[in-house]
Amino acid sequence: MADETLDFAPNYAHTFEINITPDSDKKTWASALVGITNVVPANEETVSEDAYYNDLGDTDSSVDAVKVSLAFTGHRKYGDPAQDFIQSRALMTKKKRKTDYRWTQPDGTLLEGVLTMADLVPGSAMGDANSKGDFTWTAKLNTIA
């Protein structure tokens with residue numbers, strides 16, 4: 001029987017979409033990867049450690065919560081639906097910073113849920129006059145299904 005494992009997939013084989021109409025009854029999906037050159041995932045875990053008599057005082061560790069985030073960096077592409085939506089929320093708070101997401105991994109695994117848009121910079125980052133504008137934001141995944 002042939003080996004059916006996934007080969008070494010390039011990072012660009014991931015897709016990440018966001019709903020750019022969260023205030024509407026109908027979801028409108030747009031790729032959040034246009035102009036993106038780097039995505040850094042991070043994982044924060046809440047771990048409790050308890051020592052039990054029946055384990056002779058040895059510590060038992062338990063992961064109680066997991067918070068996944070993805071930091072996106074790249075170049076600002078004006079007119080891109082996802083980037084324009086994210087930028088439109090830069091000065092907003094609370095519910096206006098939330099939307100739905102779909103993350104499809106190279107092996108076909110689909111993660112979806114609600115995210116919070118964080119670390120938004122109003123407008124495009126400025127620097128050298130002839131450089132492309134930077135675009136950065138962090139997707140904090142509130143739910144993962």
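1. A starting point for reading this predicted model: a residue is called buried when its relative accessible area is under 20%. Phenylalanine 16, at 3% relative accessibility, therefore counts as buried.

2. Let's turn to the ring pairs. The count comes to 4 aromatic pairs. One of them joins phenylalanine 16 and tyrosine 101 in a stacked arrangement, with 5.7 Å from centre to centre and 5° between the planes. This pair links distant parts of the chain, since phenylalanine 16 belongs to strand S1 (residues 15-19) and tyrosine 101 to strand S5, 85 residues apart. Tyrosine 101 has a relative accessible area of 0%, so this residue is buried too.

3. Phenylalanine 72 and tryptophan 137 also deserve a look: their ring centres are 4.8 Å apart and their planes lie at 10°, so the pair is stacked. Here again distant parts of the chain are linked, with phenylalanine 72 in strand S4 (residues 59-75) and tryptophan 137 in strand S7 (residues 134-141), 65 residues apart. Both phenylalanine 72 and tryptophan 137 are buried.

4. Arginine 76 sits over tyrosine 78, 4.2 Å from the ring centre, while arginine 102 sits over the ring of tryptophan 29, 4.1 Å from its centre.

5. Finally, do have a look at arginine 89, in the loop between helix H1 (81-88) and strand S5 (98-104). With 8% relative accessibility, arginine 89 counts as buried. Beyond its neighbours within four places in sequence, arginine 89 contacts Pro22, Asp23, Lys96, Arg97, Met117 and Leu120.

How values were computed:
Residues numbered from 1 in each chain as written. Predicted model: local features only at pLDDT ≥ 70, side-chain atom pairs only at ≥ 80, totals over all residues. Heavy atoms only, no water. Helix = DSSP H or I, 4+ residues; strand = E, 2+ residues; numbered from the N terminus. Buried < 20%, exposed > 50% of the residue type's maximum accessible area, 1.4 Å probe, protein only. Contact = heavy atoms within 4.5 Å. Phe/Tyr/Trp six-rings, centres within 6.5 Å; stacked < 30°, edge-to-face > 60°. Lys NZ or Arg CZ within 6 Å of the ring centre and 35° of its normal.
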